[in-house]
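Have a look at the structure first.

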Amino acid sequence: MLHRTIHLFRKELRLHDNPVLLAALQSSEALYPVYILDRAFLTSSMHIGALRWHFLLQSLEDLHKNLCQLGSCLLVIQGEYETVLRDHIQKWSITQVTLDAEMEPFYKEMEANIQCLGAELGFEVLSLGSHSLYDTQRILDINGGSPPLTYKRFLHILSLLGDPEVPVRNLTAEDFQKEGLSSCLPGLEKKLRVKDVLCLALHEERRCSAPDPDLAECYRVPLPVDLKISPENLSPWRGGETEGLQRLEQHLTDQGWVASFTKPRTIPNSLLPSTTGLSPYFSMGCLSVRTFFYRLSNIYAQAKHHSLPPVSLQGQLLWREFFYTVASATPNFTQMAGNPICLQICWYKDAERLHKWKMAQTGFPWIDAIMTQLRQEGWIHHLARHAVACFLTRGDLWISWEEGMKVFEELLLDADYSINAGNWMWLSASAFFHQYTRIFCPVRFGKRTDPQGNYIRKYLPILKNFPSKYIYEPWTASEEEQKQAGCIIGRDYPFPMVNHKEASDHNLQLMRQVREEQHRTAQLTRDDADDPMEIKVKRDHTEENISKGKVARTTE
């Protein structure tokens, strides 16, 4: 039987390295590419804010354009998942639904519901994963059924697995016009059942029809105004596979930069991203991590010397994979309560202080500039993320990492269930990171890499006229100097909301006590290489250690 298929795009918003879409085309006589825009799901489960809405809609528009170039189109149907599927399964006589397999609990629940719906209505369901380098279940199986909780253990498991699967080939117009088993990437047929493979062989020259062009107009990609989203969008990141691939090619052109890239040497307050800036495209599935991994492998193979994990570009992809794996098998991964690997800490509940941090009103220009860039552009450098996360949690305000995670979830273009929660646990020293005596100074760290304060002048123009010696601490300028700068501290820009030294000293004692009382939990995510004398590390060396990269990693 040749299927009439709805292919559901969820996070894999691309045509390159999309194995389940390729499999759908191989097994179907008619294919309907569909994105169900379930606003309630996107706001309640994924908590996306305005900038992410813009990025998503741009990505959908780009996907539609690319499908049109191949003779098909994208149908964006608004509504609740089950209702939309029930209506269109019957309307289009659908016998198969294909979708990308994901590991987040809400996506797993959605897939389970679709499986139940298939059993009820009589259609088959096929899901394949390509959002991560590896099948996380294979990693869990090799590790005895539980996730490896340290990066060192994780790399050992990967050494047993070998390299990730290679990307499947790119789709072409021929895929939407005729299908044949011979055009499958070797190995793809192993993912299908035997009867499907035989069916493909018997129908090698058949045609796979596209949706009626009238449907594309009926189910067009909505504009922000259609969804009552602010049309203003200051982010330099434009969504879509086309933009993501262009950015990828631009970075890979400089093979020397790729080979020598080390994450700790990048600059957190450079006016242009000093990292790849590809993370939003990986998060939304506009770019394939497997494609990036193997393009990097080709460059490394030609280089005499190249950087290695954890600081290399491939190392950043493996950090992403590490958090995906741990999150996939850890209950309540995105919260403290009921999370078996997370320290249980009595954080302060202070809505006013949380609001000041979120709205860039802490009185520390380095912190406020970072939060301003986040709100305006939806992206900040990984060390900038570290600085504001440390300030909110163990460094200065002692407010729960869950609150910070929710803000990042709303504002970051590359917000990701696994990586976002994993890094917030890390940066708050609730799990994974154990050198908790290393605390970012909200004044000295930014000054070290940008002594003139150009980053602050860009994102906090109210302070742009302060001399460089005051730009990080404008409250230390005299009243006359503040008047000359056109900014009176306490009126035009707030005084610091805390005394950093007093707050951080106090919080350090609280954290030391927590870790002594919950030693067993703390040890769960402690790498064998961690320094057992960590609590004796002198805080005088904080910025030096941080600048050398002895901090958490992200894939931004």
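1. Starting inside: keep in mind that this is a predicted model. The second largest cavity holds about 140 Å³ of space. The count of cavities of 30 Å³ or more comes to six.

2. Who lines that second largest cavity? There are 13 lining residues, and M46, R52, A415, D416 and Y417 lie nearest the centre. By class, the lining splits into six nonpolar, two polar and five charged residues.

3. Its placement follows from the lining: domain 1 (3-130) and domain 3 (351-525) both contribute residues, so the second largest cavity lies between these two domains.

4. Now the largest pocket, with about 690 Å³ of space. It is lined by 29 residues, and G129, S132, Y134, D135 and T136 are the closest to its centre. Helix 5 (105-121), strand 5 (124-128), helix 6 (136-142) and helix 14 each give two or more residues to this lining, with helix 6 giving the most, at four.

5. Domain 1 (3-130) and domain 2 (132-168 + 240-329) each supply at least three residues to it.

6. Last, a helix pair. The axes of helix 7 (residues 151-161) and helix 14 (residues 313-328) come within 10 Å and cross at roughly 100°, so the two are roughly perpendicular. Helix 7 makes the contact through Y151, F154, L155 and L158, while helix 14 uses G315, L318, W319, E321, F322 and T325. Those contact residues comprise seven nonpolar, two polar and one charged.

How values were computed
Residues are numbered from 1 along each chain as its sequence is written. This is a predicted model: local features need pLDDT of at least 70, side-chain atom pairs count only at pLDDT 80 or more; totals for chains, interfaces and linings use all residues. Side-chain values use heavy atoms; hydrogens and water are left out. Axes are lines fitted to C-alpha atoms, for helices over the stretch in contact, and angles run from 0 to 180 degrees between N-to-C directions. Angles under 35 degrees count as roughly parallel, over 145 as roughly antiparallel, 65 to 115 as roughly perpendicular and the rest as oblique. Contact means heavy atoms within 4.5 Å. Ala, Val, Leu, Ile, Met, Phe, Trp, Tyr, Cys and Pro count as nonpolar, Asp, Glu, Lys and Arg as charged, and the others, Gly among them, as polar. On a 1 Å grid over the protein atoms alone, a cavity is a set of points where a 1.4 Å probe fits but cannot get out, and a pocket is an open set with protein on both sides within 12 Å along at least five of seven lines; lining residues have an atom within 4 Å of a point. Grid points are joined across faces, edges and corners, and a volume is the space filled by probe spheres set on the points. Domain bounds come from an automatic or database domain assignment.
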